[in-house]
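Work through these exercises with the model open beside you. Try each task before you read its solution.

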Amino acid sequence: MAEKLLRVALKEDRAPQESSSPVESHELCLAQQLEMDASWLPVYHLEPEHVDVIRAFVSSPEKDEERKLKFLTSIAVLFRAATYNSLCQGLDLFCQRYKLAENIKVLLEEEPRDQLHTAVWRSAMFAMTEMSFVEAVLEGKEIGLLQACFSGIFLLPPKEEMQDLKPFLYFTTMKGMDTMLVALVLNSPTSRVNEKMQSIFQMLLTFTTSERASVRERAVGRMRVLSFLLANYSSLKADPNEERHASRAEMQMPIIGQLLGHLLLLLSFKEEETGHLALDALCLLFQFKYQQHCATLTEENTQLQGDWETETTSLRTSPSATHIIESFAEYLQPSERSDIVRVFIEAMTDSSTFDKEAARNVLDMVRGNPDLWLVDVPKITSCIHKTLGCIKSVPARQSVESLMVSMADKCPQEVVTTLLQVAPGGDSTALALWEAMFSVPQTVRNILKELLSQLWDLKSRLFCTHLEDYCLVRLAMLASRDLGDRAFAATYLDFRFLKEERPAMLSLVLRAIMTLSERDEMARKMKVILPDLMRVLLFGYKAATTKALLVFRTIMAQLERREASHIAVQMTEFLLPLLDDELSQLRESSISLFRDLMMMAVGNDKREMKNVVRLGLLPLFFRLSDQTQSVAKLKQDRRRAQEFLIQSLSYLKDAQASLREAAVRFIALQTLAEDREPSIRSLVAQTVIIILSSSREQPRPRWTLRALCCR
């Protein structure tokens, strides 16, 4: 009766104030009176002193350390007595009225974070342990209490840095946390065990990425405790009030993939206790997954069961991330394997504290077996798209992009569909991923084919402006059809997708053309795009210009010399402003192409080429000097160039002004030709030597400079 009336009082406190009948008012007063002395609690008669201590602490403004410890101890004693004597009735209401969980949380949050001097942490966790034995007492409050415990204890300084720390106090505090975690799980209803462990593991994972070794070690130590519990759960007694507890087959935890991924990465911290704890946890989780797998085998397959102890011994003998992950592979669900891959992708970000080399090794292993690991393509694709922008390291970025290419080869339809769905228009990360896929010959053909089939029907506007200029769709139509030379040329002239002036999209189209042109047959067909490639140089976009030069060089290499001659002269004129560009890669590409084009002129085009080449001497000689070993083989030819310079002194008195001007440039610029890029200096040296070599046919030194400038 008393408990019933107290429930009425609690309900009344939460409800809006309304007029009540005389009978209800009388019952409420009685409930409040019963609440005042707490004698209605069945356990009160066993532990009245502890009930009074609790009530007094809650109502008193004075909360020194002694009172805190008495309060927490009284909670633990009261709940232990109630559980042992089956007198738990009303304790949930008692906790609710006096807000025991909330008061414990406040005490934890008030504890100092720089030292561990008192037993408040330990006493609070013992109190929570005993409270967990009573149903519904901590329901809905565990997460807040655990977060307070983890944040307070894990973030304490390392043991060595805490002054006057008593080792026994630290040990019993950590032991108290382990006991509390086990109790919270085992005392949960069977239907909530998975959920409870999932939540605790999720909280612990957030601390494993800390830069502080002590924080990681404390978090992984608790993960090891829970892993032991998971591996042995079916043999431990669960809620004593339930007729049965969950079997291994019923223990499904969606977080297991993330958990394994983080523990595998933590192995790299070998100099810390963290690495050893992580290996222990992995072996326990392997035991769980192995036995869970065996539990699903039919009777005729039981003979296939091995010895998990032998397997775990092998893991400890060779504790590399790749070896362990391969051992786990066959016992994992597809979603768990995908989660592991996602963890290693996220470990590649610049802000990650994990070993990038270890993560790359695992991703390389994943790429080697895509059918096993790359099963959830949309999830992994979305993860790569979300993560790539946070990866600046070139090796790490290349590793992730290579993984994307592997998925595109395996499942082009899913990759294209996912990217079109998750990436907004103009998204730079998506464009980088498209470019990575367009860099591989077989991949670019598959992706363009898939884009063609999807973008005709989808309302996606990833690649289009308000004019709906689907330049990639047009490229896809051109590349995916088996067209002859004439049909190819006619189709391109209808589309003219290289007139696209948006830098990012133009660069992407050129990347695809670069890869497609690697096939000689396709490169020969592409001669129709050469005029538009020259115009690309006028846009002034560095990345697009560099790619256009490479494509131009590839296509020109497939043409007959007579066919290429006039085009070479035209392109050489376009190259002149680029020979001295500030971007080293663009200078290198320009000078390299300039050198090749000089050799292509024939017939009447040869004289015009000489005039253009003469205009290029100034920037070329600015890049002539070279002190590196990469061009050591050119020393002899450079000595010949020095001889030409001496011989050219006579031209300073030549009757023709143009020759006097050329001689001045030739001589003066020799001392100014310094460039920081070895590859640029090398190409300049080779180009000038080609020009100088033409003088070998001249019988007299007088014509050396004329030959250099005019041949």
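Buried means under 20% relative accessible area, exposed over 50% and partly exposed in between, with a 1.4 Å probe and protein chains only. This is a predicted model: local features need pLDDT of at least 70, side-chain atom pairs count only at pLDDT 80 or more, and totals for chains, interfaces and linings use all residues. Residues are numbered from 1 along each chain as its sequence is written, and side-chain values use heavy atoms, without hydrogens and water.

**Exercise 1.** Describe how Phe286 and Phe328 pair, and say whether they are buried or exposed.

*Solution.*
1. Recall the rule: rings of Phe, Tyr and Trp (its six-membered ring) pair if their centres lie within 6.5 Å; planes under 30 degrees apart are stacked, over 60 edge-to-face, the rest tilted.
2. The structure holds 13 aromatic pairs. In one of them, Phe286 and Phe328 sit 5.3 Å centre to centre with 90° between the planes, which is edge-to-face.
3. Find the helices (DSSP runs of H or I, at least four residues, numbered from the N terminus). Phe286 is in H13 (residues 273-295) and Phe328 in H15 (residues 321-329), so the pair ties together parts 42 residues apart in sequence.
4. Check burial: both Phe286 and Phe328 are buried.
5. Widen the view: Phe286, Tyr290, Phe328 and Tyr331 form one aromatic cluster.

**Exercise 2.** Which residues lie over the faces of Phe57 and Phe269?

*Solution.*
1. Apply the test: NZ of Lys or CZ of Arg must be within 6 Å of the ring centre and within 35 degrees of the ring normal.
2. Lys63 lies over Phe57, 4.9 Å from the ring centre.
3. Arg216 lies over Phe269, at 3.9 Å from the ring centre.

Key
Helices (H or I, at least four residues) and strands (E, at least two) are DSSP runs, numbered from the N terminus.
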